[in-house]
Amino acid sequence: MNGFDWNAVGESLPLLLEGFKVTLLATVLGTLVAAVLGLAVAMAGRAPGKFVTVPVRLVTEFVRSTPLLVQLVGAAALFNTVEPLYIGIAVLGVHYAAYTSEVYRAGIDGVPKGQWEACRALSLSPRRTWQAVILPQAVRNVLPALGNYAISMFKETPFLAVITVQEMVFEARKYGAEQFAYTEVFTLAGLIFLVASYPTSLLMRKLEKRLGH
């Protein structure tokens, strides 16, 4: 490739891999936050009183209706004494929890009514019903969707660079500015994203087909 500086690729690769570690950490921890918080939101949405369901619905709609970038900048300004990486993980987790809550809700609604009736016939307590019967089936059914959201979160981690989190795109932009090698370094960053996300996407498709049978 004419004009393509392969030396820049070799020099920037270690820096990008260091940034990739931060990207991966933010994705894993953000996914955990989204998975746990999303389930809590879904359960809260089924509470009998409106004093719980209405505030939960309003907050969820607010999170869904505002861009992730705006949420990151706002949280960084509000909690300016907190480590940017922690803010990024929290915002990613909360942002995606608003979506995973709907996934959980669909999974819970998808549990056959006969399962609920069987639990009542066996006089199982509500807690036992949820823990032993409903949630295991619901979570199993939504695993592929949760995995797809994790992949989406991984591809949106470059937004963390806006609040100075030194993830992979932050390192790519920094190297490109110093060495005037934007084409090379961003091409490499894109390839790393592709190599990391594409096999995971295939795995999620395979899991979805397997659970669908």
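## A quick tour of the helices and pockets

Helix α5 (residues 113-121) has the lowest mean pLDDT among the elements of the protein chain, at 86, while helix α3 (residues 68-78) has the highest, at 96. This is a predicted model, and the mean pLDDT of the protein chain is 91, with 98% of its residues reaching 70 or more.

**Where α2 meets α4**

- Start with helix α2 (residues 50-65) and helix α4 (residues 84-109), whose axes come within 9 Å and cross at roughly 115°.
- That crossing of α2 and α4 is left-handed.
- On the α2 side, the contact is made by Thr60, Val63 and Arg64, and α4 brings Val94, His95, Ala98, Tyr99, Ser101 and Glu102.

**Where α1 meets α6**

- The axes of α1 and α6 lie 10 Å apart, and the two helices pack at an angle of about 145°.
- Here the crossing is right-handed.
- From α1, the contact takes in Phe20, Thr23, Ala26, Thr27, Gly30, Thr31, Ala34, Leu39 and Met43, and from α6 it takes in Trp130, Leu135, Ala150, Met153 and Phe154.
- No charged residues turn up in the contact of α1 with α6, which divides into 10 nonpolar and 4 polar.

**The largest pocket**

- The largest pocket holds about 230 Å³ of space.
- It has 13 lining residues, and the closest to the pocket's centre are Val41, Gly45, Val56, Glu102 and Arg105.
- Helices α1 (6-44), α2 and α4 each put at least two residues into this lining, and α2 gives the most, with 6 residues.
- As for class, the lining of the largest pocket has 6 charged, 4 polar and 3 nonpolar residues.
- Glu102 ties two topics together: Glu102 is part of the α4 side of the contact with α2, and Glu102 is also among the residues closest to the centre of the largest pocket.

**The second largest pocket**

- About 160 Å³ of space lies in the second largest pocket.
- Its lining is made up of Phe20, Leu24, Thr27, Gly147, Ala150, Ile151, Phe154, Ala196, Ser197, Thr200 and Met204.
- Each of α1, α6 (126-156) and α8 (182-212) supplies at least two of the lining residues.
- The lining of the second largest pocket has 7 nonpolar and 4 polar residues, with no charged ones.

Terms used
Residues are numbered from 1 along each chain as its sequence is written. This is a predicted model: local features need pLDDT of at least 70, side-chain atom pairs count only at pLDDT 80 or more; totals for chains, interfaces and linings use all residues. Side-chain values use heavy atoms; hydrogens and water are left out. Axes are lines fitted to C-alpha atoms, for helices over the stretch in contact, and angles run from 0 to 180 degrees between N-to-C directions. Helices (H or I, at least four residues) and strands (E, at least two) are DSSP runs, numbered from the N terminus. A crossing is left-handed if the near helix is turned anticlockwise from the far one by less than a right angle, and right-handed if clockwise. Contact means heavy atoms within 4.5 Å. pLDDT is the predictor's confidence in each residue, from 0 to 100. On a 1 Å grid over the protein atoms alone, a cavity is a set of points where a 1.4 Å probe fits but cannot get out, and a pocket is an open set with protein on both sides within 12 Å along at least five of seven lines; lining residues have an atom within 4 Å of a point. Grid points are joined across faces, edges and corners, and a volume is the space filled by probe spheres set on the points. Ala, Val, Leu, Ile, Met, Phe, Trp, Tyr, Cys and Pro count as nonpolar, Asp, Glu, Lys and Arg as charged, and the others, Gly among them, as polar.
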